[in-house]
Amino acid sequence: MAIREVRIMGDEILEKKCKPVTKMTPRTRMLIEDMIDTMYERYGVGLAAPQVGVLKQIVVIDVGEGPIVLINPEIIETKGEQTGEEGCLSLPGKWGIVTRPNYVKVRALDENMEEFVIDGEGLLARAFCHEIDHLKGEMYVDKVEDGLHDVEDEEEE
């Protein structure tokens, strides 16, 4: 598999809406594998297709329990609230405080284009929201409550 270039904030592709995936092709399967490899290589929790320059509704996430692939994901239920630090591979070295739902239920397709429903709490719920926002051309910086902070500043304190 290949490590793909991660697009950085300011790249206009990150501001565009993604198109649904209508069928699984060898090229799409390779994209998913590359996205997973790229996410791990960059020590990310999630990665959305537009972050590697592809305007397709595909997200990969791993909060420590193995990779989750979501194709054409849709948030169908949310509950509660959590406020915490969030960062993004498309904005390296920065983080900000964002409030998200504490529980999220998502309907999506898997790599076999079969529908499934998955739910998550805490970090997984945050990752679902963050990555699905990317598919709508949205980035977490628009939701940051206290401005962006440098990762290095936090380590020096």
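Which ring does the charged end of Lys79 sit over, and how many Å from its centre?

Modeller: Happy to! Please keep in mind that this is a predicted model. The ring belongs to Tyr103: the charged end of Lys79 sits over it, 5.1 Å from the ring centre. Tyr103 belongs to strand β6, which spans residues 103-109, and Lys79 belongs to strand β3, residues 68-79. These two strands pair in the antiparallel sense, over six bridges. Within that pairing, Thr78 stands opposite Val104 of β6.

Let us stay with β6 for a moment. The strand is mostly covered, with five of its seven residues buried. It also pairs with strand β7 (residues 115-121), again in the antiparallel sense, here over seven bridges. One of the contacts to look for is Arg107, whose bridge partner in β7 is Val117. β6 and β7 form a hairpin, and five residues lie between them. In the turn, Met113 has a positive phi of about 65 degrees.

As for ring pairs, the count of aromatic pairs is zero, with a cut-off of 6.5 Å between ring centres.

Of the 22 residues that line it, the closest to its centre are Val45, Glu86, Gly87, Cys88 and His130. Helix α2 (123-135) is among the elements that supply at least two lining residues, together with β4 (82-86) and β5 (94-100). The largest share, five residues, comes from α2. By class, the lining has 10 nonpolar, six polar and six charged residues.

Notes
Residues are numbered from 1 along each chain as its sequence is written. This is a predicted model: local features need pLDDT of at least 70, side-chain atom pairs count only at pLDDT 80 or more; totals for chains, interfaces and linings use all residues. Side-chain values use heavy atoms; hydrogens and water are left out. Rings of Phe, Tyr and Trp (its six-membered ring) pair if their centres lie within 6.5 Å; planes under 30 degrees apart count as stacked, over 60 as edge-to-face and the rest as tilted. A charge sits over a ring if NZ of Lys or CZ of Arg is within 6 Å of the ring centre and within 35 degrees of the ring normal. On a 1 Å grid over the protein atoms alone, a cavity is a set of points where a 1.4 Å probe fits but cannot get out, and a pocket is an open set with protein on both sides within 12 Å along at least five of seven lines; lining residues have an atom within 4 Å of a point. Helices (H or I, at least four residues) and strands (E, at least two) are DSSP runs, numbered from the N terminus. Ala, Val, Leu, Ile, Met, Phe, Trp, Tyr, Cys and Pro count as nonpolar, Asp, Glu, Lys and Arg as charged, and the others, Gly among them, as polar. Buried means under 20% relative accessible area, exposed over 50%, partly exposed in between (1.4 Å probe, protein chains only). Two strands pair if DSSP finds at least two bridges between them.
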